[in-house]
Amino acid sequence: MTELGGLRPGDRVVIPSQNGATLCAAVAQAPATAIGSFRNRTAVAQWCVTTLAGGAAQRVTLVAAGSTWSQMTPFTALRPSVEDGLAAGAIASAARDMGLSVSVEATAMATLFEAGTRQEAISSWLRRSVTGRWLRSRGDNPAEIDEACRTDYDTVVPARCPDQFFRAA
């Protein structure tokens, strides 16, 4: 990961993501789309509340993006990933705290996130996950996982409405 600490307000960042690009194409016709993570979970939950209240959408779907399998499968095959499930759970937890009704699936992931937060285990879990082990095998700095796990560190929500590129909401 490249250091992003030198960014200034208004700077644009493009981070290539093969599965992210696939998912963006898949949700292209959605009335509204936002990108969330641990870092902006409460901001994304607030975006959901505002989007629903404003009538831009009748429901919000959290998609835990997943990751590609190993080289043994075609590129398009995605596997569930603990980091994306937990991040979706983090957003669902914040949305539920704001009064939104969430599905049983979102509740399950929110409960897992909350349990991990109470145990201060999220970063440890992610370091030991398939993705965490793969990042270490590439020589990535384990502190990057800690940085990705920072909860509510960011307030910007990359959001898209039909016919628009993502913008900061």
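Predicted model: local features only at pLDDT ≥ 70, side-chain atom pairs only at ≥ 80, totals over all residues.

Biologist: Why is Ser93 called buried?

Modeller: The relative accessible area of Ser93 is 3%, and the word buried applies under 20%, so Ser93 is buried. Ser93 belongs to helix α3, and beyond the residues up to four places away in sequence it touches Arg41, Ala110, Phe113 and Glu114.

Biologist: What makes the link between the side chains of Ser93 and Glu114 a polar contact?

Modeller: The two side chains are joined at 2.6 Å, and the cut-off for a pair of N or O atoms is 3.5 Å, so the pair is counted as a polar contact.

Biologist: How do you know that the 13 residues of α2 have the span they should?

Modeller: At 1.5 Å a residue, α2 should span 18 Å, and its end C-alpha atoms are 18 Å apart, so the two values agree. The expected value is 1.5 Å times one less than the number of residues. The buried residues of α2 are Arg41, Ala43, Val44, Ala45, Trp47, Cys48 and Thr51, and they pack against β1, α3, α4 and β4. After α2 comes Gly55, with a positive phi near 85°.

Biologist: What does the comparison with the expected span give for α4?

Modeller: With 15 residues, α4 reaches 21 Å from its first C-alpha to its last, close to the 21 Å expected at 1.5 Å a residue. Ala106, Ala110, Phe113, Ala115 and Gly116 are the buried residues of α4, and what covers them includes α2, α3 and α5. Glu120, which follows α4, has a positive phi near 50°.

Biologist: Why is Ala56 described as partly exposed, and where is it placed?

Modeller: Ala56 has a relative accessibility of 42%, and partly exposed is the class between the 20% limit for buried and the 50% limit for exposed, so Ala56 counts as partly exposed. Its place is in the loop between α2 and β2. Leaving aside neighbours within four places in sequence, Ala56 is in contact with Pro31 and Thr51. Ala56 and Pro31 are 25 residues apart along the chain, with their C-alpha atoms separated by 6.5 Å.

Biologist: What makes the phi of Asp152 worth a remark?

Modeller: Most residues other than glycine have a negative phi. Asp152, however, has a positive phi, near 60°. Asp152 is found in the loop between α7 and β4, and its relative accessible area of 34% falls between 20% and 50%, so Asp152 is partly exposed.

Biologist: How many cavities of 30 Å³ or more does a search of the whole structure find, and what lines the largest cavity?

Modeller: The search finds one cavity of 30 Å³ or more, and the largest cavity has a volume of about 40 Å³. Its lining consists of Gly132, Leu135, Arg136, Asp140, Asn141, Pro142, Glu144 and Ile145. By class, that lining has three nonpolar, two polar and three charged residues; Gly is counted among the polar ones. Helices α6 and α7 each supply at least two residues of the lining of the largest cavity, and α6 gives the most, with three.

Terms used: Residues numbered from 1 in each chain as written. Heavy atoms only, no water. Helix = DSSP H or I, 4+ residues; strand = E, 2+ residues; numbered from the N terminus. Buried < 20%, exposed > 50% of the residue type's maximum accessible area, 1.4 Å probe, protein only. Polar contact = N/O pair within 3.5 Å; in protein donor to acceptor, adjacent residues only side chain to side chain. Contact = heavy atoms within 4.5 Å. 1 Å grid on protein atoms, 1.4 Å probe; cavity = no way out; pocket = protein on both sides within 12 Å on 5 of 7 lines; lining within 4 Å. Points joined across faces, edges and corners; volume = space filled by probe spheres on them.
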